[in-house]
Amino acid sequence: VLDYLVEEVLNGLPAETQEFLLQTCILPRMTAELCDAVTGRDNGQAMLSRLEEENAFLVSLDNERRWYRYHHLFADLLQSMAQQRLADCLPDLHLRASLWFEQEGAVEEAIAHALRGSDLQRAADLIQARGLSYSARGQWRLVRGWFSQLPDSIVRERALLALVRAWLCLSTGED
């Protein structure tokens, strides 16, 4: 199936479309505006519309056709290819996504992209700013997951971040 997708589908697309797919495959969900922010272009809406018209493994997530995702198998293939072809660019793509999500108030996704892009200082900044409120709302598993991806050295050098982790441990009865 993957060979078919590469040979018959992906390789048959224009280079610009292939590049768009590889740059945006890091996004579990996307809008045209988010695609523009990640790719640095202004053709996200046109690309998404074209992919949807061509039934190119794009799934609409809402009735307004604003949010989309790639079919899971296709996304896996694209991510594997992006690791090979765009490895040096992936941290920057994740940073752009993180910045966009933060601006839109989607902190969880902003943190996720900072972590995926290995921008641990940015992730620490976001967790430090919002982690306590997430913990106070009982979202301990989420916050614990964030902390599991941060080195202890980053947590120890930031008093407020250490306080958030201490609150989490106190609230959940963990050490």
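Leu 150 is buried (under 20% relative accessible area, with exposed over 50% and partly exposed in between; 1.4 Å probe, protein chains only), at a relative accessible area of 5%. This is a predicted model, where local features need pLDDT of at least 70 and side-chain atom pairs count only at pLDDT 80 or more, while totals for chains, interfaces and linings use all residues. Residues are numbered from 1 along each chain as its sequence is written, and side-chain values use heavy atoms, without hydrogens or water.

Leu 150 sits in the loop between α9 (140-148) and α10 (152-156). Helices (H or I, at least four residues) and strands (E, at least two) are DSSP runs, numbered from the N terminus. Neighbours within four places in sequence aside, Leu 150 is in contact (heavy atoms within 4.5 Å) with Leu 115, Leu 120, Ala 123, Ala 124, Ile 127, Val 155 and Leu 161. Ser 118 lies 32 residues away along the chain, and its C-alpha atom is 9.6 Å from that of Leu 150.

Leu 150 also belongs to the largest nonpolar core, which has 54 residues. Such a core is a set of buried Ala, Val, Leu, Ile, Met, Phe, Trp, Tyr and Cys residues joined through side-chain atoms within 4.5 Å. Met 30, Tyr 70, Phe 147 and Leu 150 have the most contacts inside it. Helix α5 (residues 72-85) gives the most to this core, with six residues. Met 30 touches Tyr 70 as well as, among others, Thr 24, Cys 35, Leu 48, Leu 58 and Trp 67.

The cysteines come next. A disulfide is a pair of cysteine sulfur atoms within 2.5 Å. The count is zero.

| Cysteine | Relative accessible area | Closest cysteine sulfur |
|---|---|---|
| Cys 25 | 1%, buried | Cys 35, 11 Å |
| Cys 89 | 41%, partly exposed | Cys 25, 12 Å |

For Cys 89, that separation is too far for a bond.

Now the whole protein. Eleven helices and two strands make up its secondary structure. From the N terminus the order is α-α-α-α-β-β-α-α-α-α-α-α-α. The C-alpha atoms fill a box of roughly 55 × 35 × 30 Å along the principal axes. Of the 175 residues, 43% are buried. Among contacts between residues at least 6 apart in sequence, 57% join residues at least 24 apart.

The protein exposes about 9500 Å², and carbon and sulfur atoms supply 49% of that area. The areas come from the Shrake-Rupley method with a 1.4 Å probe.
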